[in-house]
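Subject: Structure handover

Hello,

Here is the structure I promised you. Please open it first, then read my notes below.

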Amino acid sequence: MLREIRPAIVLLLGLTAITGLGYPLAMTGIAGAIMPSQAQGSLIERDGKVVGSSLIGQEFKGEEYFHGRPSATLGPDPQDSTKTVPQPYNAINSMGSNLGPTSKALIDRVKEDVEKLKAENPSMPVPIDLVTTSGSGLDPNISPEGALFQVPRVAKARKLPEDRVRQLVTEKIEGRFGGLLGEPRVNVLALNLALDAASPK
Amino acid sequence: MTTIGWIQIALYCGVVLALVKPLGGYMTSVFNGERTFLSPILRPVEAGLYWIGGVDEKREQHWLTYTVAMLLFHVVGFLSLYAIMRLQAVLPFNPAGQSAVAEDLSFNTAISFVTNTNWQNYGGESTMSYLTQMLGLTVHNFLSAAAGIALAVALIRGFARSSMRTIGNFWVDITRCTLYVLLPICIVYTLFLIWQGMPQTLGAYVDATTLEGAKQTIAVGPVASQVAIKMLGTNGGGFFNANAAHPFENPTALSNFIQMISIFALGAAMTNVFGRMVGNPRQGWAILAVMGVLFITGVAITYGAEASGTTGLNALGLTGGNMEGKELRFGIVASSLFAVITTAASCGAVNAMHDSFTAIGGMIPLINMQLGEIIVGGVGAGLYGMLLFVVLAIFVAGLMVGRTPEYVGKKIEAREVKMAMLAILVLPLMYLGWTAVAVVLPSAVASMANAGPHGFTEVLYAFTSATGNNGSAFGGLTGNTFFYNLTLASSMFVGRFFMIVPAMALAGSLAAKKSIPASAGTLPTTGGLFVGLVIGVILIIGGLTFFPALALGPIVEHLAMTASTLF
């Protein structure tokens, strides 16, 4: 048995050096050289300032922006750092709501959101993605229906014709990969950037 | 359910099946010690490791020595991983300034990664430094996967050999698996993932100013290199808390599809390695057929349940299925499919929150794990788990016709059946036993996030996942408490090693037996009858063991949901 200790230690160290240092550092080096944008997190800059990542959702509350899905992420309470409070789209603490199908808290929350949205736009059925939280709390996308649903509100706040806003949405709809994989979607940050470009606030 | 959804599922199965033969052939030559197209580059590294380690690659080991070597390797790995987590605050590559991981959490996490479970009682981006992620977690993603494959190969040799005392050399198997199989695939895979948008940087977390002027700190890191092996090695421990639901850990529908392929790729190919090594590839296909039938059934049930949504959401006029806890880019079908794959294999990565699945949709992942993760299963672990059930099925068939049971030329006798039963019975002992303890301890009950039967399911799921070395969770349960850290760690330990040691004893006793040629009385093990028999044994043994627990959790919850009861 003692004879097996030497290979145990040597192989652990050797394979650690290869798979734990050599491999990730080489990958980091190659990525930085040939795909620097993705490697650093697909960051988006406007006027030289980082405004977010094209893959990470961010919170939009104002009437003049399209809103993303509700987010269940938490952050430290500014009053008492031992506690956590809701902090939507906290990109250093990804999480879902973890509420189950028979959870009263879930149904109450969704009901409240549905009523708010119905008041905002009674002409369309409420798309489910606008009232359910995503698994990560950082979902960058909404469904095309979810974006079209918000057109009247945004157009009014921006004093733009609804057709113009609807056209911006249509331009930002991404289809399934190869027509097959995934779901049609709209990237909220990209849409809002296009909106800002079309009509400065 | 939609047509395009089913096309995605069919495409998935097609690609996995197409990979079985080429990967199986390549892995067979790796474990037979043959030269491969990568040998010119890797052979010097391999030989160097043996030379420093004092490994004589020509010398094979008795099953006991093989097992001891494996256990020692795990002990050394456990200690080093524990040390790295405890010391991460003073070690380099820690731009986010993470402090030392707590003692009980380090203990739990070290056991978790050494046993290929990768249960996360921690949030990756808020707990682990880059060094811990690379030098600790990435390394054990490789090594625990390689160990699983090595053990499966040793068991296959037991079936394939005749009158031999040895079953291979652990050091050679684990080294060759890491260098020739896992590492090359991961290098290509990592580059693909980065191309899809996965970060790979040692830079600090990024501060962004959102369009509305708020500050958003975005966690990044060397993500892609870890995710590649996390999926390929069916480890499942995420770089981020939200795992493969996090947009950085699974940026696109395509990255999701390839990640799902990579969970099954090696496990499915192992059935082909088995067929080739025992001299009849059809034996491997028969086992894969058993897995396939169980898998497709599970996918259909979960997809159906998620697509029909929950009574509560439907009552509010919301359509399109149960989107709570799911990412929009994956939608219902890719989330349901991923959940079934990750629990059929012992991966445990999640791209949607299982806690928010419908009762029936979430029950299938639970059942997959309770059956012992033999539907493809963890790399290696799935095959040896399945072979244990095959031994039992052959034994039952032998009883029915009154003949000594045989499988691939080996007589299955009392010792083999005892070993198989021991390995299979120890799993429910852990997950049912600890669940029973947890639901009567007020402090453990306090960890549940949901009230009613769903809370019970959270606890049952946690211990099932830990025992099965899966690592997925009904994430609402607060697992980072002293009680859960220790009990879950014990489940992971028992679930891994109390299965491995009997499996190795089985390998040893099989290798020592003479191979006998098939006769007119031998049950053919490549046809539909055999496939049906194995499925029956799996469902009957599994069903009898855990059906009562399911009745208390998901089944009663489903009934409550359809009656619109809320908790």
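In which hand of crossing does α1(A) pass α3(B)? The crossing is right-handed. Keep in mind that this is a predicted model.

Here is more on that helix pair.

Which residues make the contact? From α1(A) come I5(A), A8(A), I9(A) and L12(A). From α3(B) come L72(B), F73(B), V76(B), G77(B) and S80(B).

Now for chain A as a whole. It has 6 helices and 7 strands. Start at the N terminus and the order of elements reads α-α-β-β-β-β-α-β-α-α-β-β-α. The radius of gyration of chain A is 22 Å, while the globule rule gives 17 Å for 201 residues. The chain's value is well over the rule's, so chain A is more spread out than a compact globule. Its C-alpha trace spans about 75 × 45 × 40 Å along the principal axes.

Two last figures. In chain A, 48% of the 201 residues count as buried. Take the contacts in chain A with a separation of 6 or more: 50% of them come from residues 24 or more positions apart.

Best wishes

How values were computed. Residues are numbered from 1 along each chain as its sequence is written. Chains are lettered from A and ligands numbered from 1 in the order in which they are written. This is a predicted model: local features need pLDDT of at least 70, side-chain atom pairs count only at pLDDT 80 or more; totals for chains, interfaces and linings use all residues. A crossing is left-handed if the near helix is turned anticlockwise from the far one by less than a right angle, and right-handed if clockwise. Helices (H or I, at least four residues) and strands (E, at least two) are DSSP runs, numbered from the N terminus. Two residues are in contact if their C-beta atoms, placed from the backbone, lie within 7 Å. The radius of gyration is taken over C-alpha atoms; the globule rule is 2.2 Å times the number of residues to the power 0.38. A residue is buried if 20 or more other C-beta atoms lie within 10 Å of its own, exposed if 12 or fewer, and partly exposed in between; C-beta atoms are placed from the backbone.
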